[in-house]
Amino acid sequence: FEIIYNVEDEKTKEQDLKNLFSAMKLLEDDYLGSSGSRGYGKVEILITSIVERPREYYFGDKEAEKVLLPQNGEVKVSDILERFNKIFRA
């Protein structure tokens, strides 16, 4: 699936993203639907890329796009949380 996060307040962006990834990790430790104790509904979320597109990108400045996590593999949510500051403060 794809998530698009629109920044409403630059001051809360970092905490919002951290909360989003924490919620994904919580989902991985739980399950979707019923019969979770039998192993049904278990999910693992693998992140394939993270891209930041500021306002300038949408006005034609393709160089404004910032790739925070390149599309060269899959990264687990727990790894994102561990490397959070390095990825999002780049």
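A residue is called buried when its relative accessible area is under 20%, exposed when it is over 50%, and partly exposed in between, with a 1.4 Å probe and protein chains only. The structure is a predicted model, in which local features need pLDDT of at least 70 and side-chain atom pairs count only at pLDDT 80 or more, while totals for chains, interfaces and linings use all residues. Residues are numbered from 1 along each chain as its sequence is written, and side-chain values use heavy atoms, with hydrogens and water left out.

The protein chain contains 4 helices and 4 strands, where helices (H or I, at least four residues) and strands (E, at least two) are DSSP runs numbered from the N terminus. Along the sequence these elements follow the pattern α-β-β-α-β-β-α-α. The radius of gyration of the protein chain is 15 Å, whereas a compact globule of 90 residues would have a value near 12 Å; the radius is taken over C-alpha atoms, and the globule rule is 2.2 Å times the number of residues to the power 0.38. Along the principal axes, the C-alpha atoms fill a box of roughly 50 × 30 × 25 Å. Of the 90 residues, 20% count as buried. The accessible area of the protein chain is about 7100 Å², of which carbon and sulfur atoms supply 47%; accessible areas come from the Shrake-Rupley method with a 1.4 Å probe, and for residues only the protein chains shown count as cover. Of the contacts (heavy atoms within 4.5 Å) between residues at least 6 apart in sequence, 42% join residues at least 24 apart.

The search for salt bridges (a side-chain nitrogen of Lys or Arg within 4 Å of a carboxyl oxygen of Asp or Glu) finds 6 in the whole structure. One of them joins the side chains of Lys-25 and Glu-28, at 3.8 Å from N to O. Both residues lie in helix H1, 3 residues apart, which is about one turn of the helix. Glu-28 is buried because its relative accessible area is 11%, and Lys-25 is partly exposed because its value is 26%. Lys-25 also forms a salt bridge with Asp-29, with the closest N and O atoms 3.7 Å apart. Asp-29 has 55% relative accessibility and therefore counts as exposed.

Glu-44 lies in the loop between H1 and strand E1 (46-47). The C-alpha atoms of Glu-44 and Lys-25 are 8.6 Å apart in space, and the two residues are 19 apart in sequence. With neighbours within four places in sequence left aside, Glu-44 is in contact with Glu-28 and Lys-76.

A further salt bridge joins Glu-65 and Arg-53, with the closest N and O atoms 2.6 Å apart. This pair links distant parts of the chain, 12 residues apart: Glu-65 is in the loop between helix H2 (55-58) and strand E3 (66-69), and Arg-53 is in the loop between strand E2 (50-52) and H2. Glu-65 is partly exposed, with a relative accessible area of 28%, and Arg-53 is partly exposed at 41%. Elsewhere, salt bridges with shared partners join Glu-10, Lys-13 and Glu-52 into one network. Lys-13 lies in helix H1 and, at 17% relative accessibility, counts as buried. Apart from neighbours within four places in sequence, Lys-13 is in contact with Tyr-5, Val-7 and Glu-52.

Tyr-5 and Val-7, together with Phe-1 and Ile-3, form a nonpolar surface patch with about 420 Å² of accessible area together. Patches are made of residues with over 30% relative accessible area and no salt bridge; like charges are joined within 9 Å, and nonpolar side chains (Val, Leu, Ile, Met, Phe, Trp, Tyr) within 5 Å. Val-7 lies in the segment before helix H1 (13-28) and is partly exposed, with a relative accessible area of 38%.

Rings of Phe, Tyr and Trp (its six-membered ring) pair if their centres lie within 6.5 Å; planes under 30 degrees apart count as stacked, over 60 as edge-to-face and the rest as tilted. By this rule there are 3 aromatic pairs. The rings of Tyr-57 and Tyr-58 have centres 5.0 Å apart and planes at 85°, so this pair is edge-to-face. Tyr-57 counts as buried at 15% relative accessibility, whereas Tyr-58 counts as exposed at 58%. Phe-84 and Phe-88 form a tilted pair, 4.5 Å centre to centre with 35° between the planes. Both lie in helix H4 (residues 84-88), 4 residues apart, about one turn of the helix, and both are buried. Phe-21, Phe-84 and Phe-88 form one aromatic cluster.
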